[in-house]
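Open the structure in your viewer and keep the selection tool at hand. The stops below are meant to be taken in order.

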Amino acid sequence: MGAVADRLVELGLALPAVPAPVGSYVPAIRHGDLVRTTGQLAFRDGALTATGRVGAEVSLEDGVDAARQAALNAIAAVADLLGGVDEIGAVLEVIGYIACTDDFTGHAPVLNGASDLIEQIFGTAGRHIRYNVGVNRLPLGSPVEIGIVASVASPVAGE
Amino acid sequence: MGAVADRLVELGLALPAVPAPVGSYVPAIRHGDLVRTTGQLAFRDGALTATGRVGAEVSLEDGVDAARQAALNAIAAVADLLGGVDEIGAVLEVIGYIACTDDFTGHAPVLNGASDLIEQIFGTAGRHIRYNVGVNRLPLGSPVEIGIVASVASPVAGE
Amino acid sequence: MGAVADRLVELGLALPAVPAPVGSYVPAIRHGDLVRTTGQLAFRDGALTATGRVGAEVSLEDGVDAARQAALNAIAAVADLLGGVDEIGAVLEVIGYIACTDDFTGHAPVLNGASDLIEQIFGTAGRHIRYNVGVNRLPLGSPVEIGIVASVASPVAGE
């Protein structure tokens, strides 16, 4: 195993199977030396970890848990496309949407569930920019939708 | 005509004129071998196909129609920039926002209006990742806002 | 000083210090010849210029002001990463979220606060595509969240 796969073991994490698309799209796509994922919902073992809006039906703690899960699903989508998590060179972007109430203010702690996980797994190669946006309703009632942009570890010459 | 233009004819579709920007921006921009569009509203012949939120003032069927139209507008913006629809190599990303009620769950069928159309037109070159995000209100009350990222068919050497 | 720095002086503008991240991320990241920023909030001198939703607690005028400030913060984040505002070659994308009421329609004037500023500073090199999306609630109650994608003025060979 490579360094990233080792780190997952140390953290007690296993990459999930990539959730099946719920529409006419693919989980991840590569162009040049970058891979971009579809916005991933908080699916775990085939079901959403929670449904509704953070600040109402979903607690802050459950929002953080959902963000971790969606981030894991996004990492899994990239790893699946590239043939392994150690083929990921760096995570450059996290694009996160949080279903929340109209007066919610805890967006940062929720999305840190994703950002902190990525930094734990990838170290300095996991330092990313991000969008953190509250919205009124996500597909299927998922509390979060999170996509990532990653670079490949070994780009071919000329990319 | 090239293969994509032929396919549009087979589907009974014509690319619309690119809607005039409603602010200080351009409809599409190229950098390297990628073209990115502005998020397109559901304009058809100068007017929005519907206004309001899917699940309330806008039916699911009208949401699908709006998504198809916004996707056509986005394809038109890329084709206009490149000098023809056959200059588009592939559609890599669809970024979709759907104005919806707080308890809506039909985001996937609505955005499939865009995704399915792109796959009908471009075939396997139309397989894309996507973001599908519900929001409370889009510009001018458009039910959807959809942008795409496309690659060019014939990148110049070194890109 | 270079041309862009001169233009800032003519406009009576000074780039602010880059706001400290409120989560586990960085303000900007470079990949190849592109720099992407985190979605910037309307921080000015350490505090938000306003809080709430445009159309309710926040006036249209204050929304425009917030958009200008967030755009300045985004430009500052790119300039800080590259070592100066004249290292920015062009601004290619503006991604804007506006916290607004469910019946708001003035998204374009608000985000033009950002777009117009960018064109004033960068001229034709500031012509960009954009996403302009209304949402119910942004982090810390900021009225806007705006990120940009910029190209570097002097890419190294092979990029």
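The model is predicted, so to speak of local features a pLDDT of at least 70 is needed and side-chain atom pairs count only at pLDDT 80 or more, while totals for chains, interfaces and linings use all residues. Residues are numbered from 1 along each chain as its sequence is written, and chains are lettered from A and ligands numbered from 1 in the order in which they are written.

**Stop 1: the sheet of chain B**

Two strands pair if DSSP finds at least two bridges between them.

Now select β1(B) with β2 (residues 34-37) of chain B. These run antiparallel and are joined by 4 bridges. B:Arg30 has B:Val35 in β2(B) as its bridge partner. The two strands form a hairpin with 2 residues between them, and B:Gly32 in the turn has a positive phi of about 60°.

With β5(B), β7(B) pairs in the antiparallel sense over 9 bridges. Find B:Tyr97, which stands opposite B:Glu145 in β7(B).

Axes are lines fitted to C-alpha atoms, for helices over the stretch in contact, and angles run from 0 to 180 degrees between N-to-C directions.

**Stop 2: two helices of chain A**

Move to chain A and select α2 (residues 60-82) and α3 (residues 107-122). They pack at an angle of about 35°, with axes 7 Å apart. Residues are in contact if their C-beta atoms, placed from the backbone, lie within 7 Å. From α2(A), A:Leu60, A:Val64 and A:Ala67 are among the residues in this contact; those of α3(A) include A:Val110, A:Leu117 and A:Ile118. By class, the contact has 11 nonpolar, 2 polar and 2 charged residues. Ala, Val, Leu, Ile, Met, Phe, Trp, Tyr, Cys and Pro count as nonpolar, Asp, Glu, Lys and Arg as charged, and the others, Gly among them, as polar.

**Stop 3: chain B against chain A**

Show both chains. How many residues of chain B are in contact with chain A? There are 25, meeting 22 residues of chain A. β5 (88-99), α3 (107-122) and β6 (129-135) of chain B each give two or more residues to this side, which divides into 9 nonpolar, 9 polar and 7 charged residues.

Chain B can be laid on chain A by a turn of 120° and a shift of 0.0 Å along the axis, with an RMSD of 0.0 Å; copies are superposed by least squares on the C-alpha atoms of residues with pLDDT of at least 70 in both. The two copies are thus related as by a three-fold rotation axis. The copies use different surfaces, as 8% of the contact residues of chain B recur in chain A. Finish on B:Val135, whose C-alpha comes closest to the rotation axis among the residues of chain B, at 3.1 Å.

Note on methods:
Contact = placed C-beta atoms within 7 Å.
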